[in-house]
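Trainee: I have a structure to work through. Can we take it question by question?

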Amino acid sequence: MTLIVRNLGFSYGERRILDAINATFEAGKFTVILGPNGAGKSTLLACLAGLLGPQTGGASLHDADIARMAPTDRARQIGLLPQGAETHWAITSEALVALGRIPHMRGTGPSADDRRAITTAMSATATEGFADRPVTQLSGGERARVLLARVLASEPDWILADEPLANLDPGFQLDILALLQRQAEAGKGVVAVLHDLQYAVRFADHILLLHEGRLFAQGSVEDVITAANLAHVYGIDANLFKDEEGTIQLCIKGKVPS
Amino acid sequence: MNNRGLTSLLLLLTLAAFLLSLMAGKVWIWPSSWAADSADGWIFLELRLPRALLGLCIGAVLGLSGAVLQGYLRNPLADPTVLGVSASAALGGVGAIYLGLNLLPFGLFACAMLGAGSSILLLLAISRNGGPIGFILGGMVLSTLAGALTAFIISIAPNPFAASEIINWLMGALTDRLMVDVATALPFMALGVALLLSTGRALDALTLGENGARSLGINLFRLQWIIVLGVGLAVGASVAVSGVVGFVGLIVPHLIRALYGEQPSKILLPSALGGAILTLTADSLVRLLPGPSEVRLGIAMAVLGAPFFLLLLLRYRRGNA
C-alpha cells in the first residue's frame, strides 16, 4: 500500500512553497520529512493530509486524489497529529481520545467498536492511568501521548505527524518516536516532519530532504544524510559514522564557513 | 450527580422559573384564577403568558448562542453582546423602523436577523487569526459602530414619537408583548436553535484546533454558515421581539461548565435551559422590585453581566500570565 505524490506544486498567491514534488510513501515504514525552516515540510504534510489542495499535481491514495476525497472517508484513512498540541478546553484525556472516533460515529453514543478503539489506543500509549484527568492538568509528555492516542483511536492506515517532538524533553521525545516506530512496524504508514537530525538518523526508514520547496534528496538514511547534502541544505559541517555498537550516529561539527 | 440527573434538575428549575414568571408581579396571580373570567384571568392571558413564554424562549436562545459561540471561537469570553451581534441586530431593527420596513410582515425580524448574521461574518473577517482577545476587540469595534449608527438613525428620526418608540424597544424588555409577537418569533428561534444544537460534534473536534478538526473530517466552511445562520435567526429574532437583553450568553455557559465539565457538546442543551432559568428569574425579580415603574430587563442584565465579564477577564488574564 502506497501513498503517491506526483508533480505536486503549491503556492500562496505568487509565493511558491512547493515545486514539482515526486515521492512515494510506503505503508509499514517510518518516513521522515526533513529540511530547514521554510523548506515547505509542513505544507507538504498538509497536502498529504488533504488540508491543502495543491495547484498542480497531487497526492493520491488507492488512485483517489486526497484533496478531493470526502472528508469523512479521508479522516478514516489518514490521521493527522497537527503542530502545536492544541487543546482548548479542560476535557478529560479519555474524552479527548474519543474525539478520534468522530469520523466513525453514526448515531449519538459510542458503539462497542468505538469503545474498543479508545481502550486500545490508550493502552498502546500508556495513558489509561490518567483517563479521567483533564488534559490541561497533564505534563507536556503526558499530553503528547494523549494527543497521539487520539490519532490512533481513529484507526487510520496512515499517521501523519507535524513536529510531534516540539517542546518535549528528550525522554518524552524518545517515547513518542518509539510509539510512532511501533505503529510503522505494525503495518501503518507513518510520516513525520522532524527538526532533529539525530532522531531522523536513528528512527527513519526513509527520508525526504526538502530544500527551498523542492525535493533535494530522498531515500535511505545513508543515501540522504551525506556530508555534501547537509552542507548544501542546512549549511552545516556534519558527518555520519557507525559507533562501536554499529548504530548510525550523526556528528555536527559546526557551520560551513561561508 | 451524573449529567442526566443534572439535566433533569435544570428542567425542573426551568419549569419552576416559568411558573414563577406566570405568577409574580405587582399583582400575584395564582393558578386558581388563570382560567377565570376576571381581571386576573385577563392579566394572565394577555400579559403574563406571552411574557413568560418570551422569557423562556429568548433566555434559551441567548444561553445556547453563547455556548455555541464560545465553543466555535474557542473563547470563553464570547457572547452575542460582547461580540456586537446583539447591537448589530438592533441596528438592523432600528434601520427597519426608520425605513418603515417594520410595517411589512416580518420586516423587523428580517432586518434584525440580517444584522445579527452579517455581524458574525464581519467579525470573522476582521478578527480571524487575531486570537481570543482579537475577537473581543473586533466585537467592541462592531458594537461601537453599530451603536453609533443606531444613535445616528434615532437622531434623524422623523418625529420625537418615533424616536422614543425606538429607544423604548432598544432598551430590552419583555413587557407588553402580545401572543402574536411570540408566535412570529417562535419559528425563527426554533429553527435557529435546531441549527445550533446540531453543531456539538464539530465544536468538540475544534478542541484540537482548526487543523485537528479538519483532519477529523469536519467541514469548517459548512460549520461557519450553520453558526452564522443559527445565531442570526435566533439572536436576530430575540432582539426583534425584545430588544437587547445582554450577557445571558456570557454568564450561563460558565456556570454550566462548572457543573458539566468543559466539553462543548455537553453544555449546549444545559446552557439553553440555564439561559431560560436566568432570564425568567431576572424578569420576575425586576417586576417585584418596589417603585413606581419597573427596571427594564435589559438594564438589569447589563448591571449583572458587566461585572461578571470583568471578573472573567481578570481571571483569564491571570491564567495567561
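Trainee: Is A:Tyr12 buried or exposed?

Mentor: Remember first that this is a predicted model. A:Tyr12 sits in strand β1 of chain A, which covers residues 2–12. Count its C-beta neighbours inside 10 Å: there are 9. A residue with 12 or fewer is classed as exposed, so A:Tyr12 is exposed.

Trainee: How far apart are the C-alpha atoms of A:Tyr12 and A:Gln55?

Mentor: Along the chain, A:Tyr12 and A:Gln55 are 43 residues apart.

Trainee: Now strand β9 of chain A. How many of its residues are buried?

Mentor: β9(A) spans residues 206–211, six in number. The strand is mostly covered. The buried count is five of six.

Trainee: Which residue of β9(A) is the bridge partner of A:Ile33?

Mentor: Look to strand β3 of chain A, residues 30–34. Four bridges join β3(A) to β9(A), and the two run parallel. In β9(A), the partner of A:Ile33 is A:Leu208.

Trainee: And which residue of β10(A) is the bridge partner of A:Leu210?

Mentor: Strand β10 of chain A covers residues 214–219. It is joined to β9(A) by five bridges, and these strands run antiparallel. The partner of A:Leu210 in β10(A) is A:Leu215.

Trainee: Which residue in the turn has a positive phi?

Mentor: β9(A) and β10(A) form a hairpin, with two residues between them. In that turn, a phi of about 50° belongs to A:Glu212.

Trainee: On to chain B. How do α1(B) and α2(B) run, roughly parallel or roughly antiparallel?

Mentor: Helix α1 of chain B has residues 3–23, and helix α2 of chain B has residues 39–73. They pack at an angle of about 150°, with axes 8 Å apart. Angles over 145 degrees count as roughly antiparallel. So α1(B) and α2(B) are roughly antiparallel.

Trainee: Which residues of α1(B) make the contact?

Mentor: The crossing of the two helices is right-handed. From α2(B), the contact includes B:Phe44, B:Leu49 and B:Ala52. The residues of this contact divide into six nonpolar, two polar and two charged. From α1(B) come B:Phe18, B:Ser21 and B:Leu22.

Trainee: Last one. Which element of chain A gives the most to the side that touches chain B?

Mentor: Between the chains, 19 residues of chain A are in contact with 18 of chain B. The chain A side has 13 nonpolar residues, four polar and two charged. Giving the most, with four residues, is helix α2 of chain A, residues 71–77.

Terms used. Residues are numbered from 1 along each chain as its sequence is written. Chains are lettered from A and ligands numbered from 1 in the order in which they are written. This is a predicted model: local features need pLDDT of at least 70, side-chain atom pairs count only at pLDDT 80 or more; totals for chains, interfaces and linings use all residues. A residue is buried if 20 or more other C-beta atoms lie within 10 Å of its own, exposed if 12 or fewer, and partly exposed in between; C-beta atoms are placed from the backbone. Two residues are in contact if their C-beta atoms, placed from the backbone, lie within 7 Å. Ala, Val, Leu, Ile, Met, Phe, Trp, Tyr, Cys and Pro count as nonpolar, Asp, Glu, Lys and Arg as charged, and the others, Gly among them, as polar. Two strands pair if DSSP finds at least two bridges between them. Axes are lines fitted to C-alpha atoms, for helices over the stretch in contact, and angles run from 0 to 180 degrees between N-to-C directions. Angles under 35 degrees count as roughly parallel, over 145 as roughly antiparallel, 65 to 115 as roughly perpendicular and the rest as oblique. A crossing is left-handed if the near helix is turned anticlockwise from the far one by less than a right angle, and right-handed if clockwise.
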